[in-house]
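Thanks for coming. I have one structure to go through today, and I will take the chains in turn before getting to where they touch.

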Amino acid sequence: MYLRAPGLRVLPLGEGWVAYSGLSRESHLLNDESVAMLDELDECQPRSAREVAERLSGPAGMPVDELLAIMADAWPSLVEVGLVRELPMAHAT
Amino acid sequence: MASAPVPRLCEVPVSEVFQRLSGAGLDLCVGALNVRVHSNVRSLAEQVQAAYGQFPARHRAPWIDLHLNVVLRRQLHRWWKPQVDLWHDGRLLFEPFPAEAALPLLEWGMNWLIARTRNDLLLFHAAVVERQGLAMVMPALPGSGKSTLSAALGLSGWRLMSDEFGALDLGERRFRAVLKPAALKNESIAVIRKFAPEQARFGPSFPGTRKGTVAHLAASAEAVDRVHETAAPGCVLLPRWKAGSPTTIEPVAPTMTFSKLAFNAFNYAVTGAEGFEAVAEISRSAKAWQLVYSDLDEAIRVLDARWHGLIEPNGV
C-alpha cells in the first residue's frame, strides 16, 4: 500500500517534470508515468499498486496487468527517493 | 554646496587602510551583505587596497553580517615563518596560512562563510553579470571557465554582480550582487591581462596555493557603485571552454537547466520547497544556453551580438 509523501510538489518543466520531496528535501526529474502514479496517490488514504493501476487503466488505454508490470519497477525508486511512502502491508497488491 | 566625493580604497594612503584594519575595522559592502575586516597584518592592507580598490574607503555600514579578523599568529618562530589565522565571531577557522597569503585566506574564508550562513538567499555556485536589468547566470563547476568569462564580460560593458555566487532573493525572485574580487587562477590571469591590459586591475599573485597561482581581479568602479541594484533572471548560460573549439551557443532543455541550477547550489536542500519552486520558475521562464568556446574575444562578441535573442522577451 502506498501513500503520497507529505510536502510533495510536482511541477511541469519543458518535456518533463520536476518533483520535490518534503521527506527527503531532495528534487528529482520525473517522467510522465511516474507523475501519473503520484497523481493517483493520496497523502492520507493508502492505495495498493493494483488500485493505482485500475485508476490509470482507462486514461492510459492499457490493461491493468500490463500497467502493474510497468509500474513494478518504478515503485521502489519512488519510495527510495522519498516521493512515496510504503506501508508495511504494501506487498499485498 | 556639493558634498566631497567619497574616496575609494585605491585613493587613500595604504597607511589609512591599515589604520582602519587595525582599528575600528574596514567595512566592505559587497551587495547582499556587509563585511567588517580587522587585521594586524600590514601586508593585508596593501592586498585589500589592490583587490578592493574601487570600494569606498571610509564607509561605515549600518549593520555587519560577517565580522572577520585576520591575525598574525603568535608563535616562537613568528619572525622567520609568519603565519596568519582567520577568526570569525571569536571562532578560529581553518588552518593558518602563510602571512604573505593573507588575502587568499580572507577571501576563501569569506566565501565559505557566505555559503554556510546566507540561507535567506538561494546561493547558486555561479557567476552573474547584468545587462539592462537582467541577469545572465552562469552556473558551472570549477574549471569550466566561468570566472574567466565573467571577468571578461565585466571588462566589456556588462556589470559583474559576482563571479562565485548567484544570490537569488527568494522573496523578490531577483539576483543580488555578491561583488568580490574575481579569484582567477593560473592561465586565466594572463588571459585576462591580455584581454584588457589597460582596464584589468589585479592584486598580487599568490603562487603555490591549493589551486595553483591565484590573483584577484578588482571589481570596476561602476560595479561597486551599483552593488545594491538587483537584477531579474534573464537567461542561464552554461559555459564550457574547449581548446580549439569554434564558438557555439545551443539551447538547453528546461530540465537540464533545473539540474544545473539545483545541483550547483550551495544551499538548495536548506531552502526546501521555496528553493525548489524558485529554481523551477527560473528554469521554466528563462532561456538557457550552452556556450562552448576557445576564443574569449569571439565569445564576448557573440554574447554581445546575440544578447536580445538570449533573453526572454519579457524577462521573468
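Chain B has 9 helices and 16 strands; helices (H or I, at least four residues) and strands (E, at least two) are DSSP runs, numbered from the N terminus. Its radius of gyration is 19 Å, close to the 20 Å that the globule rule gives for 316 residues, so chain B is as compact as a globular protein of that length. That radius is taken over C-alpha atoms, and the rule is 2.2 Å times the number of residues to the power 0.38.

Before I go on, this is a predicted model: local features need pLDDT of at least 70, side-chain atom pairs count only at pLDDT 80 or more, and totals for chains, interfaces and linings use all residues. Residues are numbered from 1 along each chain as its sequence is written, and chains are lettered from A and ligands numbered from 1 in the order in which they are written.

Along the principal axes, the C-alpha atoms of chain B fill a box of roughly 60 × 50 × 40 Å. Of its 316 residues, 46% count as buried, meaning that 20 or more other C-beta atoms, placed from the backbone, lie within 10 Å of the residue's own.

The contact between them takes 18 residues from domain 1 and 27 residues from domain 2, where contact means C-beta atoms, placed from the backbone, within 7 Å. On the domain 1 side, α2 (42-51) and α3 (102-117) of chain B each supply at least two residues, and α3(B) has the largest share with 6 residues.

Chain A has 4 helices and 5 strands, in the order β-β-β-β-α-α-α-α-β along the sequence. Its radius of gyration is 12 Å, close to the 12 Å from the globule rule for 93 residues, so chain A is as compact as a globular protein of that length. Of those 93 residues, 27% count as buried.

Last, where do the chains touch? The contact takes 13 residues from chain B and 14 residues from chain A. On the chain B side, α7 (254-263) and α8 (268-285) each supply at least two residues, and α8(B) gives the most, with 7 residues.

Terms used:
Two residues are in contact if their C-beta atoms, placed from the backbone, lie within 7 Å. A residue is buried if 20 or more other C-beta atoms lie within 10 Å of its own, exposed if 12 or fewer, and partly exposed in between; C-beta atoms are placed from the backbone.
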